[in-house]
Amino acid sequence: SKSTIIDKWLEDKSKYKEFLDENYLLLKMDIYTGKIPVWLSETDLKAFNNEIRKSIIDEAEKEGLDTFIVSGDKDFMQLMNDHIFLFAPGTRKLPGTTIYDAKKVEEKWGVPPNKIIDLLGLMGDSSDNVPGVAGVGEKTAVKLIKAYGSLEGALENVDKITNKRAHTGLKNGVEIALLSKKLVTILTNVELTFGVKELKKR
């Protein structure tokens with residue numbers, strides 16, 4: 001399960017263990033209507049914030065609502081479509097807020113939203129302690145996805161890969177590659193104890 005995978009991943013992120021020991025968390029959801037305080041049960045909390053947000057987004061989509069996520073977490077880019085948008089705060093390299101839709105995601109990363117988990121699984125994400133594949137950076141990851149369709153496709157065709165560093169990294173790092181992809185994948189089957197209609201600004 002993802003919780004077992006994340007337990008391993010959190011070994012050097014002990015601050016989150018305390019965080020997850022609480023029975024309830026007042027989670028501030030940064031969505032279009034503003035910051036909305038929501039009390040989450042321990043069951044909800046164990047699914048982690050990204051999964052919780054995704055489940056709320058799914059509920060909103062069923063209600064015909066557009067969703068705007070305010071976050072600098074690039075994991076959320078896997079969710080972009082015609083009704084889901086990301087407001088990313090500025091950085092030193094890119095000051096000012098950037099609004100991402102599916103097209104903007106592809107312009108930035110070279111792959112569409114549904115391939116972001118393959119991209120991050122291959123190249124890793126140091127900000128979230130996702131290791132990725134040794135010898136594979138962003139540009140190589142994009143090339144591999146375009147050539148073989150996915151992280152798994154690259155693993156299956158490793159003997160065709162001429163880039164020596166990428167070939168070696170994939171050949172020797174099958175388990176870590178698949179783990180990395182799982183870590184960045186936002187689950188969509190989290191059951192919540194509240195519905196989107198309850199998330200009214202108050």
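Are Phe68 and Phe85 buried or exposed? In this predicted model, Phe68 is buried, and Phe85 is buried as well. The legends below take up these residues and several other sites.

**View 1. Phe68 and Phe85 form a stacked aromatic pair.** The ring centres of Phe68 and Phe85 are 5.0 Å apart, and because their planes meet at 20°, the pair counts as stacked. Phe68 belongs to strand 3 (residues 67–70) and Phe85 to strand 4, so that the pair links distant parts of the chain, 17 residues apart. With a relative accessibility of 19%, Phe68 falls on the buried side of the cut-off, which is set at under 20%.

**View 2. Phe68 also pairs with Phe87, in an edge-to-face arrangement.** Here the centre-to-centre distance is 5.5 Å, and the angle between the planes of Phe68 and Phe87 is 70°. Since Phe68 lies in strand 3 and Phe87 in strand 4, this pair ties together parts that are 19 residues apart in sequence. Phe87 has a relative accessibility of 25% and therefore counts as partly exposed. Phe68, Phe85 and Phe87 form one aromatic cluster, and the count of aromatic pairs comes to two.

**View 3. The largest nonpolar core has 37 residues.** Those that touch the most other members of this core are Ile69, Leu79, Ile116, Leu119, Leu122 and Leu170. Among the elements that each supply at least two residues are strand 4 (84–88), helix 5 (102–109), helix 7 (138–148) and helix 9 (164–172). Helix 6 gives the most to this core, contributing five residues.

**View 4. Leu170 and the residues it touches.** When residues up to four places away in sequence are not counted, Leu170 touches Leu122, Val133, Leu144, Ala154, Leu155, Val158 and Ile161. Leu170 is also one of the residues that touch the most other members of the largest nonpolar core, and Leu122 is another.

**View 5. Ser150 lies in the loop between helix 7 and helix 8.** Ser150 has a relative accessible area of 16% and is therefore buried. Leaving out residues up to four places away in sequence, Ser150 touches Lys115, Asp118 and Ile145.

**View 6. The charged end of Lys108 sits over the ring of Trp109.** The distance from the charged end of Lys108 to the centre of the Trp109 ring is 5.0 Å.

Key: Residues are numbered from 1 along each chain as its sequence is written. This is a predicted model: local features need pLDDT of at least 70, side-chain atom pairs count only at pLDDT 80 or more; totals for chains, interfaces and linings use all residues. Side-chain values use heavy atoms; hydrogens and water are left out. A nonpolar core is a set of buried Ala, Val, Leu, Ile, Met, Phe, Trp, Tyr and Cys residues joined through side-chain atoms within 4.5 Å. Buried means under 20% relative accessible area, exposed over 50%, partly exposed in between (1.4 Å probe, protein chains only). Helices (H or I, at least four residues) and strands (E, at least two) are DSSP runs, numbered from the N terminus. Contact means heavy atoms within 4.5 Å. Rings of Phe, Tyr and Trp (its six-membered ring) pair if their centres lie within 6.5 Å; planes under 30 degrees apart count as stacked, over 60 as edge-to-face and the rest as tilted. A charge sits over a ring if NZ of Lys or CZ of Arg is within 6 Å of the ring centre and within 35 degrees of the ring normal.
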